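Subject: Handover of a structure, with notes

Dear colleague,

I am passing this structure on to you, and below it you will find my notes on what was found. Please read them with the chains open beside you.

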Amino acid sequence: MLKVIVRTVLMYILVTIGVRLMGKRQIGDMQPTELVITLLISEIAAIPLQDTSQPVSIGLIAIFMLVFLEIVASIIVMKNLRLRRIFSGKSVVIIKNGVLDQKAMKSVRMTVFDLIEMLRMQGYFELEEIESAILEINGNLSVKPKSSFAPLTPKDMKIKTEENGLSMTVISDGTIVDAGLKFLNKTRDDLKIMLKKQNLNEKDIFVMTMNESGEGVVVKKEKGV
Amino acid sequence: MKRLIAAGIILVLIIILSITGITIINRCSKEVEKRITEIHNNAVTNKNYAKDFVSFWESKREILAIFVNHEEIDDIGRVAARMASAEKTNNINDMLEAADEIVFIIKGIKEDEHLSWFTVL
């Protein structure tokens with residue numbers, strides 16, 4: 001029994017390292033090759049856990065060989081467009097200039113119901129609202145609405161706006177997030193001065209975000225939580 | 001570049017681990033075959049070779065367990081114990097039969113590590 005616990009911890013650490021080496025992607029954003037590798041890794045990792053007579057090294061070699069292949073494939077795919085098509089496939093235009101491409105839909109085995117559902121998920125409930133829709137390699141649908149249905153922007157209204165830059169979390173649950181401060185080119189001292197001005201202590205803050213202009217939002221910790 | 005370095009390190013580690021495994025299995029297999037030949041050659045004179053083999057196998061179990069299926073290691077251990085028992089009771093035929101069985105199992109383990117159509121497919 002104890003060896004199962006140790007093996008599980010070991011495999012957990014190794015698989016986590018392997019997946020991290022592959023790069024950050026959510027399951028929904030995975031390319032076909034990444035999905036295949038992830039499924040294979042989960043299967044292989046389970047073998048030494050279920051069958052304790054199997055040495056862990058067999059699973060280890062297989063998992064890291066898959067990670068190696070995935071990294072190499074991703075590098076090759078980045079450099080060579082033709083190989084990218086072979087490994088990852090290509091995006092398919094489903095709606096062009098407001099017209100449904102039925103041949104393209106057939107080629108990706110997409111039904112009208114699938115398309116309507118995907119459009120609804122993007123916030124479009126009528127086909128006539130769409131100018132272009134592209135089925136991406138990862139299976140997501142990118143939609144460009146017709147200009148008459150596009151959301152109104154400050155530019156349309158000729159309103160001048162200022163860019164505030166990216167907002168980062170600088171305090172999370174009472175702890176200063178150095179990576180966020182570094183991104184904003186600020187130091188802990190800068191942050192402490194700002195907090196002092198507002199009569200705040202970092203320990204009392206649940207979350208604090210800040211943008212490059214130094215503006216942000218502070219949410220204090222609730223008492224008793 | 002960072003990912004390429006990571007891939008290179010992974011490949012080197014995989015190769016090192018694989019070569020280490022194959023080398024350990026081959027060395028162990030050679031030693032087993034040598035010891036079994038000694039048992040065959042000295043079966044009649046009975047010089048505790050089988051008993052020595054059991055202690056030898058016990059010393060190799062842990063390192064082999066990293067690369068070889070534990071059931072196969074246990075199989076050899078079990079047959080070796082049977083061989084030692086046959087040696088003790090002067091049952092030469094049983095002892096030699098067990099010795100041949102050990103060679104058969106260890107050859108199977110060794111062949112499993114060889115790259116061939118049979119092992120790959």
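Two strands are taken to pair if DSSP finds at least two bridges between them, and the notes on the sheets rest on that rule. Please also keep in mind that this is a predicted model.

In strand 8 of chain A, Val219(A) is the bridge partner of Val207(A), and Gly216(A) is the bridge partner of Met210(A). These pairs belong to the contact between strand 7 of chain A and strand 8 (residues 216-220) of chain A, which run antiparallel and are joined by 5 bridges. The two strands form a hairpin with 5 residues between them, and in the turn Gly214(A) has a positive phi of about 85°.

Strand 7 (residues 205-210) of chain A also pairs with strand 5 (residues 168-172) of chain A, in the antiparallel sense and over 4 bridges; here Thr169(A) has Thr209(A) in strand 7 of chain A as its bridge partner. Taken together, 4 strands of chain A form an open sheet in the order 6-5-7-8, with antiparallel pairing. Strand 6 (175-176) and strand 8 of chain A stand at the edges and have a single partner strand each, so one side of each is left without a neighbour in the sheet.

Over all chains, the structure holds 7 salt bridges.

Another open sheet of 4 strands in chain A has the order 2-1-3-4, and its pairing is antiparallel. At its edges stand strand 2 (99-100) and strand 4 (141-145) of chain A, each with a single partner strand, so one side of each is left without a neighbour in the sheet.

Strand 1 (residues 92-96) of chain A pairs with strand 3 (residues 130-135) of chain A in the antiparallel sense over 3 bridges, and Ile95(A) stands opposite Ala133(A) in strand 3 of chain A. Strand 1 of chain A also pairs with strand 2 of chain A, again in the antiparallel sense, over 2 bridges, with Lys96(A) opposite Val99(A) in strand 2 of chain A. The hairpin of strand 1 and strand 2 of chain A has 2 residues between the strands, and Asn97(A) takes a positive phi near 50° in it.

**Helix 4 of chain A**

Helix 4 (residues 81-88) of chain A is capped at its N-terminal end by Asn80(A), which has a side-chain oxygen 2.9 Å from the backbone nitrogen of Arg82(A). After helix 4 of chain A comes Gly89(A), whose phi is positive, near 85°.

**Where chain A meets chain B**

The contact between the chains involves 20 residues of chain A and 16 residues of chain B. Chain A and chain B bury about 1,400 Å² between them, with 70% of it on carbon and sulfur atoms. In chain A, the residues that lose the most area to chain B are Ser53(A), Ile61(A) and Phe68(A), which together account for 33% of what that side buries.

The elements that give two or more residues to the side of chain A that touches chain B are helix 1 (2-22) and helix 3 (56-79) of chain A, and the largest share, 12 residues, comes from helix 3 of chain A. By class, that side has 13 nonpolar, 6 polar and 1 charged residues. Between chain A and chain B the count is 0 salt bridges, whereas 3 residue pairs are in polar contact, with both residues at pLDDT 80 or more.

**An aromatic pair in chain B**

A search of the whole structure finds 1 aromatic pair over all chains. Phe53(B) and Phe56(B) form this pair, which is tilted, at 5.7 Å centre to centre and 55° between the planes. Both residues lie in helix 2 (residues 49-65) of chain B, 3 residues apart, about one turn of the helix.

With kind regards

Note on methods. Residues are numbered from 1 along each chain as its sequence is written. Chains are lettered from A and ligands numbered from 1 in the order in which they are written. Side-chain values use heavy atoms; hydrogens and water are left out. Contact means heavy atoms within 4.5 Å. Buried area is the accessible area (1.4 Å probe) that two parts lose on being put together, summed over both. A salt bridge is a side-chain nitrogen of Lys or Arg within 4 Å of a carboxyl oxygen of Asp or Glu. A polar contact is a pair of N or O atoms within 3.5 Å; within protein, one must be able to donate a hydrogen and the other to accept it, and residues adjacent in sequence count only if both atoms are side-chain atoms. Ala, Val, Leu, Ile, Met, Phe, Trp, Tyr, Cys and Pro count as nonpolar, Asp, Glu, Lys and Arg as charged, and the others, Gly among them, as polar. Rings of Phe, Tyr and Trp (its six-membered ring) pair if their centres lie within 6.5 Å; planes under 30 degrees apart count as stacked, over 60 as edge-to-face and the rest as tilted.
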